[in-house]
Amino acid sequence: MKAAVFKEVGQPLVVETVPDPTPEDRQLVVKVGYCGICGTDLHSTREGDATVEHGCILGHEFVGEVAEVGKDLKKKWSVGDRVCSLPFLGCGTCVACVNGRPFECATVQLTGLQVPGGFAEYVKTGALETLRLPDGLAMESAALIEPLAVALHAVRVANMQAGQRVLITGAGPIGLAVAVWARFLGARDVVVSEVAEQRKVLAAKMGATAVIDPAGNLAEQFADAAGGEPDMVFECVGAPGLLQQCVEMAPRHCTLVPVGVCEQPDTFMPFLALVKELRFQFAIAYTRDDFETVISMLGQGRLDASDMITDIVSLEEMPEAFEALRTPSHQCKVLTRL
Ligand SMILES: [Zn+2]
Ligand SMILES: [Zn+2]
C-alpha cells in the first residue's frame, strides 16, 4: 500500500510503498477514507522528547471502511462497514480496555505514533476501539470525530455546567471544538481569545459568543464581552507562559483546564494560584463513550463542525500541506483524502 512515511526531523514525509497490514484475530484492517492532520503530528516530527521513530506512519484522525476482518470478529464485522476508531491498540482484556478507556491500558500502543496510522491506504484497528458510523454521516464530517472527542472529554472532565462563563485560549481545531461543546452544553458565554484574523472569524462562526485579543488585557476584555468573570478557562494553545497568563487573569475559584499540548518545561506562580484557590484540571484524549457521543450527535445532525475543515489534499499532496501547517496561516483542519 501507499503511505506517507516519516524519515527524519527537518525532512518532509515521503509517500512510498510499504507492506499492507494484516489483522490479528481480534483486529480489523480499515481502508482509510480521510485522515486529518493534527498538531500532535507536527509536534512529534520535530526535535524534542516526543519525536517518533524513523519509518513511522502518522495519522490518528482517520475514518474509512472495513477491508479485512480478524478471525474472531467475523460475526460482528463485515467488509465494507463504515467505521472510525480510537487510535489505540489496547490489550482488549484489562479493566481499562473493557470499560472503554483504552488510553489507560498498561500496554496500549498509540496508532499513528507507535504503530502505523492513517496517512496510508490501510490501517489496523482493535475490536474494542472501532465504532460504526451512522449511514447518513458524510466521511468528511466523520473525520472530525477525533478532535471533537478531545474537546468533549475536556469539557466533561472539567465538569462544565450550563450557565457558566467560559474562556477558551486559542482558536485552533481543539479550541474551536471546545467552543462548539461549550455552546452546545449551555455555557452562558463562550469567549475565545485568538490572534489570527481568519481564526477569529472561524471562532465566531463555530460557537464563540465573543472573540477577544490575547495581546490586550484578557480579564478586562472578558468582562466587557461577558459582563462577568470566567468560571472556567480552557487553555488550548499549549505554549510556555500560557498557564501563568491564565493564573494571572483568572478570578478566584476559577477552574483552569490545560488541553493544549506543551512539551517544554513551564513555570507559573503557585502563590497566585493558591491565593485565588484555583483548580487545575488537565485533560488528555478520550474514552470510547466520548467517541460514541460525538458519533451519535453528528449522526443525528445536531452538531456540525465542518467549517473548521479548510482544505482537503491527496496523499501525494499531503507532505507539502503537512510542512506548510508548521507556519500559522488561515488553515485550520486539513484532511488527507486517501
Ligand atoms: Zn488529534
Ligand atoms: Zn488493556
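This is a predicted model: local features need pLDDT of at least 70, side-chain atom pairs count only at pLDDT 80 or more; totals for chains, interfaces and linings use all residues.

Residues are numbered from 1 along each chain as its sequence is written, with chains lettered from A and ligands numbered from 1 in the order in which they are written.

**Exercise 1.** Find the domains and describe where they touch.

Step 1: The chain splits into domain 1 (2-146 + 286-337) and domain 2 (159-280), with bounds from an automatic or database domain assignment.
Step 2: Their centres, taken over C-alpha atoms, are 28 Å apart.
Step 3: Contact (C-beta atoms, placed from the backbone, within 7 Å) links 14 residues of domain 1 with 14 residues of domain 2.
Step 4: On the domain 1 side, helix H1 (residues 39-43) gives the most, with 3 residues; helices are DSSP runs of H or I, at least four residues, numbered from the N terminus.

**Exercise 2.** Characterise the packing of H4 and H10.

Step 1: H4 (residues 145-157) and H10 (residues 288-299) pack at about 120°, their axes 9 Å apart; axes are lines fitted to C-alpha atoms over the stretch in contact, and angles run from 0 to 180 degrees between N-to-C directions.
Step 2: Ile145, Leu148, Ala149, Leu152 and His153 of H4 meet H10 residues including Phe291 and Leu298.

**Exercise 3.** List the contacts of Val166.

Solution: Leaving aside neighbours within four places in sequence, Val166 contacts Met160, Ala182, Ala187, Asp189, Val190, Val191, Pro230, Asp231, Met232 and Phe234.

Conventions
Helices (H or I, at least four residues) and strands (E, at least two) are DSSP runs, numbered from the N terminus. Two residues are in contact if their C-beta atoms, placed from the backbone, lie within 7 Å.
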